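Here are my notes on the model you sent over. I have kept them to numbered points so that you can check each one on screen.

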Amino acid sequence: MRLLHTSDWHLGRSFHRESLHDAQRAFLDHLVDVVRSEGVDAVLVAGDVYDRALPSLDAVALFDDVLHRLADLGVPTVFISGNHDSARRLGVGAGLIGRAGIHLRTDPGACAEPVLLADEHGPVAVYGLPYLEPTLVRERFGLARGGHAAVLGAAMEQVRADLAARPEGTRAVVLAHAFVTGGEASDSERDIAVGGVASVPTSVFDGVHYAALGHLHGCQTLAPHLRYSGSPLAYSFSEARQRKTMWLVDLAADGSVTAERVDCPQPRPLAPLRGKLEELLTEERYAKDEQSWVQATLTDPARPSEPMEKLRRRFPHTLQLLFDPEDGETEPTRSYAARVSGRGDLEIAEGFLRHVRPGAAPEADELGWLREGFEHVREGADRKADLPR
């Protein structure tokens, strides 16, 4: 069976205020073309279909269009909700849409109810595990406490129990949206540490033949049967060196897999440049980046006059300007966003306490209160996003 594994579309997202609507449409056109030309038997979309719980109308239109096109091809497609999606909104009409071969798996209570496919070698059970926020689903899985590893482990126990009751030789595929140990993160993923330890061990997925993972934006292989497809487009300059692809996976009769990467079209290259302003404006080695999206980090000892205006004369698509003087204190010249980039909520709050109380580290009970507060806010935000309007 030939599977196309993709994830993290983030429909509706922009790139430093540059619209990605046309680029996302081009990617979806490409996906449909690959399904048609490569003889794909099923499409797997491992979460973060949208960039936010309340997507824009343009984003919804893109999703609606690709659903119709995939249904017209007659190729079964399985979606799960990610941590950026509103599970309830994404799952609206799931039963009806499923009749067209488009399967929306957004209910944590249905983790052990697979989409059943088949080829000439027998059945393939595809289990869709939506993003499982520990504070919201612990009770459902009979857990008094525990983080991401605990809730995902409980969901996988249900998957293995269901698989054990199916005919011998049934091959199992799982979609999951999580941070699996060994994966490499980018700056553009939303932190999921609140609610417990963020990462889950690879052993959680023991017993299945292929795990199609979502959440991390870089395409990567943790094991032959355990892969992230990554996002189809770059959503931060930290992804400048990433090759944006999907996985074309062949599932053999014995459950072994082979996979190859299929490149995704990109709107324009990303170029993080670093140096003194005059060097960036004059040196020939930067000519190749003139039509790229540029992040410029200036190392001049003193802040130059009108740097953005000058940069855009040579690099008209300069989107981000940072300052990091070669000699002198760098921290005050960097933007607050740059200083906290890549840090989780708790780490930022801890850093604030250290800043306002020099020499006094946060106490254990203070960190506990902060962690409890962030969990409460996250839980409230998720519940609010799922309320009917």
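1. Let me settle burial before anything else: a residue is called buried under 20% relative accessible area, exposed over 50% and partly exposed in between, with a 1.4 Å probe and protein chains only. By that scale Asp289 is buried, as its relative accessible area is 10%. Its salt-bridge partner Lys288 is exposed at 64%.

2. A word on the ground rules. This is a predicted model, so local features need pLDDT of at least 70 and side-chain atom pairs count only at pLDDT 80 or more, while totals for chains, interfaces and linings use all residues. Residues are numbered from 1 along each chain as its sequence is written, and side-chain values use heavy atoms, with hydrogens and water left out.

3. Now the overall picture. The protein chain has 11 helices and 19 strands; these are DSSP runs numbered from the N terminus, with helices (H or I) of at least four residues and strands (E) of at least two. Of its 389 residues, 49% are buried. Taking contacts as heavy atoms within 4.5 Å, 69% of those with a separation of 6 or more join residues 24 or more positions apart. The exposed surface comes to about 18400 Å², with carbon and sulfur atoms supplying 50% of it; the areas come from the Shrake-Rupley method with a 1.4 Å probe, and for residues only the protein chains shown count as cover.

4. Have a look at the loop between strand S2 (14–15) and strand S3 (18–19), where His16 is found. His16 has a positive phi of about 50° although it is not a glycine, and it is partly exposed at 34%. Arg17 sits in the loop between S2 and S3 too. Its phi is also positive, about 75°, again without being a glycine, and Arg17 is exposed at 82%.

5. Which residues form the aromatic cluster? They are Trp9, Phe27, Tyr50, Phe63 and Phe79. Rings of Phe, Tyr and Trp (its six-membered ring) pair if their centres lie within 6.5 Å; planes under 30 degrees apart are stacked, over 60 edge-to-face and the rest tilted. The count is six aromatic pairs. One of them, Trp9 with Phe79, is edge-to-face at 5.7 Å between centres and 90° between planes. Trp9 lies in the loop between strand S1 (2–6) and S2 and Phe79 in strand S5 (residues 77–80), so this pair ties together parts 70 residues apart in sequence. Both residues, Trp9 and Phe79, are buried. Phe63 and Phe79 are edge-to-face as well, because their centres are 5.3 Å apart and their planes at 90°. With Phe63 in helix H2 (residues 57–73), that pair ties together parts 16 residues apart in sequence.

6. Arg227 is 4.5 Å from the ring centre of Trp247, and Arg303 is 3.9 Å from that of Phe323.

7. Finally, the salt bridges (a side-chain nitrogen of Lys or Arg within 4 Å of a carboxyl oxygen of Asp or Glu): the structure holds 17. Among them, Arg2 and Asp250 have their closest N and O atoms 2.8 Å apart. That pair links strand S1 with strand S15 (residues 245–251), 248 residues apart. Glu157 and Arg160 form another, at 3.1 Å from N to O; both lie in helix H6 (residues 148–164), three residues apart, about one turn of the helix.

Terms used
Lys NZ or Arg CZ within 6 Å of the ring centre and 35° of its normal.
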